[in-house]
Amino acid sequence: MKSTKAGLSAVDTPTADQLKDFRLHLMMHLQTSLDTEQLLRTFFTEVQHLIPLTGCDYLNGDAGLSLHLGTPGRHRCNYQLSLNDEQYGEITFTHRLRLAEQDLTLLESIMDTLIYPLRNSLTHRKAIATAMIDPLTGLSNRGAMAITLNREIDRSRRLQQDMSVLMIDIDHFKQLNDRYGHLAGDDVLRNVARALEDCVRACDACFRFGGEEFLVLLSNSNLPLARQVAERIRQTIQTVCRSPDPKKPITVSVGLAHYENENDWPELVTRADKALYQAKAAGRNRVVASHVRNHEGEWV
């Protein structure tokens, strides 16, 4: 671990026995959580009892983490966290005054207590993330979908905010699989997944629902906007997705449901699924929207 220099402290330097007790106390506390943010918060809070720090920033691009604790200060000391050539991010401590040399030495003497719990936390985080990813398409799976939809419905209910979902099914996929084989079918699924991600905003989310079905969550999206996105998806897939049969382009049918204060996400997804089946029954390669309630509460 490397650090930059910085300089002034109002805290007395602990004795060897006090430092030993502090390290033991800190290591025990760091073993109590596998949540990365909680782990770093615990480390920062405990270290503040020993060294006058005001802020702590942690950055790990590989894990998609950027955490900010405390209050930023003008003076900084920075550590690259690594173990056996594995990188575990960068942590920066700040203070309004320059830290004294003895404080920097003290800080460096306890940084090793963080590295193993942090490694375990990041490994746990990666395992959970992997379990939420469909290995074929790289999209989030149904487990992640349930978590995300629960959160989004709660937010829509609290903030009275729009949201919509799209159920998407690849037309005649079983015939394609039977005729050209599963490898060709897998290639189509991957191409469709990429097209979906290219058609939506960063705040939206795409999931593999199962088989040849996908679900798209359109956050803060009213019904007209959701129709536009659904049509863009349908047209884009037909245009850009490679088909093993040059005479039969890849097409999709789309069922759309706008959030109408359903109690939970299965109700909303069921409406989108019914609209999808209407699209397939009407000839496929089209978008059908579920009915919505008017001001009198009637479905129209």
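The radius of gyration of the protein, taken over C-alpha atoms, is 26 Å, whereas a compact globule of 300 residues would have a value near 19 Å; the globule rule is 2.2 Å times the number of residues to the power 0.38. The structure is a predicted model, in which local features need pLDDT of at least 70, side-chain atom pairs count only at pLDDT 80 or more, and totals for chains, interfaces and linings use all residues. Residues are numbered from 1 along each chain as its sequence is written, and side-chain values use heavy atoms, with hydrogens and water left out. Along its principal axes, the C-alpha trace spans about 80 × 50 × 30 Å.

Nine helices and ten strands are present in the protein; these are DSSP runs numbered from the N terminus, with at least four residues (H or I) for a helix and at least two (E) for a strand. Of the 300 residues, 46% count as buried (buried, under 20% relative accessible area; exposed, over 50%; partly exposed, in between; 1.4 Å probe, protein chains only). With contact defined as heavy atoms within 4.5 Å, 66% of the contacts between residues at least 6 apart in sequence join residues at least 24 apart.

A search of the whole structure finds twelve salt bridges, each defined as a side-chain nitrogen of Lys or Arg within 4 Å of a carboxyl oxygen of Asp or Glu. Among them, Asp112 and Arg23 meet through their side chains at 2.8 Å, N to O. This pair links distant parts of the chain, with Asp112 in helix H4 (residues 112-131) and Arg23 in helix H1 (residues 16-30), 89 residues apart. Asp112 is partly exposed, at a relative accessible area of 34%.

A further salt bridge joins Asp169 and Lys280 (3.7 Å, N to O). Because Asp169 lies in strand S6 (residues 163-170) and Lys280 in helix H9 (residues 265-281), the pair ties together parts that are 111 residues apart in sequence. Asp169 is buried, with a relative accessible area of 5%, and Lys280 is buried at 19%.

Within helix H5 (residues 142-159), Arg155 and Glu152 are three residues apart and so separated by about one helical turn. Their salt bridge places the closest N and O atoms 2.6 Å apart. Glu152 counts as buried at 3% relative accessibility, whereas Arg155 is partly exposed at 31%.

Pro249 is placed in the loop between helix H8 (223-240) and strand S9 (252-258) and is partly exposed, with a relative accessible area of 44%. Leaving aside neighbours within four places in sequence, Pro249 is in contact with Gln238 and Ser243.
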